[in-house]
Every structure is written in C-alpha cells, then in structure tokens.
Amino acid sequence: MEMTRDKQKKIYPGLREKILINPRFQLRMVLYAAILATICVGFLYLADLFFFYKFEMAAKTLGLEKNYDFSVFVAQQRDLRMRVFSAVAFVDFSLILVAGIFISHRIAGPVFRICKALSQLGGNPGATAIVFRKKDFFPELSESFNKHRDNYQELANKGQKRAA
C-alpha cells in the first residue's frame, strides 16, 4: 500500500519535499564547503609528507637507510598511513558535503518562506503568519515578518473602516 504525500507529511511532519530549495545558492554553498574540505585535506596530506620526510632524515642521520628491514618497515608504514589517510579524507570530505547541504537547507528554507510570504502579502491583508522549523536559521526573520504582517493588517483594517 503506497502512501500519498499528504499522509506521509502527517506521519512524518519534517519530511522534505525538495532537497534543494534554492539550487543556485545551495550548490554554491556546497562548492565552498568542497573547496574548504579540499584545502584542509591538502594541508593534512602535506603534514603527512613532512612527517615521513623528517622520519627518513632521522634514519639517514642514524645510518639506518642502509638497513633493508628498516626500509621495508618505513615503506609499509607509508603505505598503511596513505590508505588510512585516503579513507579518512574520503569520509571527511563526504561529511563536509552533506553538512553543507543540510546547513544551506536551513538557510534557504527560511529565505524561501519569507519570499513566498512577501509575495502573498502584497495586496492581501489576510496573509497567514509564517513559522520556521525548529532548527532553521534566522528565526527572528519570521518574528519580524509576522510583526510587519500584523501592522499591515491593522493599516488595511483602518483603511477599510475609513472607506466605509
């Protein structure tokens, strides 16, 4: 038995209809997050290279570079660290991208609601109040909008009384 969208929204009130509310803004935010993640991963990679460079220089100073067992050990450690680093970098990069989508959604949602409500408010004194989701950013925007809507309705009511 398939559920209709209305039934799903009643059962799961937080269900999103769109993942990208404002694709241009949200994709730009994700791009910025991806660039930041790439820079962070790059610095970590450089730090890892520096660590092994210092390790090899210390081995040369101690005369260990001629030791076959030590060279094999260093190569194994470098390989293991690179695999672990790659896996961690992939997970970090993925988490940063997902976080970028969710954070941008928490910004784009309120902006979308405000824009939609403002377009409905024009010439319509009976426009409904807006409410943001609990975790949306900028809850003060809905409060400001609702105060403005109330003032607009009062002015419209006064204008109707004067006209009558």
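Modeller: A residue counts as buried when its relative accessible area is under 20%, as exposed when that area is over 50%, and as partly exposed in between. The model is predicted, and by this rule buried residues make up 20% of the 164 residues in the protein chain.

The protein chain has four helices and zero strands, and its pattern along the sequence reads α-α-α-α.

Now the cavity. Rolling a probe the size of a water molecule over the atoms shows where empty space is left. A search of the whole structure finds one cavity of 30 Å³ or more, and the volume of this largest cavity is about 30 Å³. Its lining consists of Asp48, Leu49, Phe52, Arg78 and Met82. Two elements, helix 2 (23-62) and helix 3 (68-121), each give two or more residues to that lining. Helix 2 gives the most, with three residues. By class, the lining has three nonpolar, no polar and two charged residues.

Phe52, one of the lining residues, leads on to the aromatic rings. A pair of aromatic rings is described by the distance of the centres and the angle of the planes. The whole structure holds five aromatic pairs. One of them is formed by Tyr45 and Phe85, with ring centres 5.9 Å apart and planes at 45 degrees, so this pair is tilted. The pair links distant parts of the chain, since Tyr45 lies in helix 2 and Phe85 in helix 3, 40 residues apart. Tyr45 is partly exposed because its relative accessible area is 32%, whereas Phe85 has 17% relative accessibility and therefore counts as buried.

Phe52 itself pairs with Phe51: the ring centres are 5.3 Å apart and the planes stand at 80 degrees, so the pair is edge-to-face. Phe52 counts as buried because its relative accessibility is 4%. Phe51, at 41% relative accessibility, counts as partly exposed. Ring pairs also bring in Phe55, linking Phe51, Phe52 and Phe55 into a cluster.

How values were computed
Residues are numbered from 1 along each chain as its sequence is written. This is a predicted model: local features need pLDDT of at least 70, side-chain atom pairs count only at pLDDT 80 or more; totals for chains, interfaces and linings use all residues. Side-chain values use heavy atoms; hydrogens and water are left out. On a 1 Å grid over the protein atoms alone, a cavity is a set of points where a 1.4 Å probe fits but cannot get out, and a pocket is an open set with protein on both sides within 12 Å along at least five of seven lines; lining residues have an atom within 4 Å of a point. Grid points are joined across faces, edges and corners, and a volume is the space filled by probe spheres set on the points. Ala, Val, Leu, Ile, Met, Phe, Trp, Tyr, Cys and Pro count as nonpolar, Asp, Glu, Lys and Arg as charged, and the others, Gly among them, as polar. Buried means under 20% relative accessible area, exposed over 50%, partly exposed in between (1.4 Å probe, protein chains only). Rings of Phe, Tyr and Trp (its six-membered ring) pair if their centres lie within 6.5 Å; planes under 30 degrees apart count as stacked, over 60 as edge-to-face and the rest as tilted.
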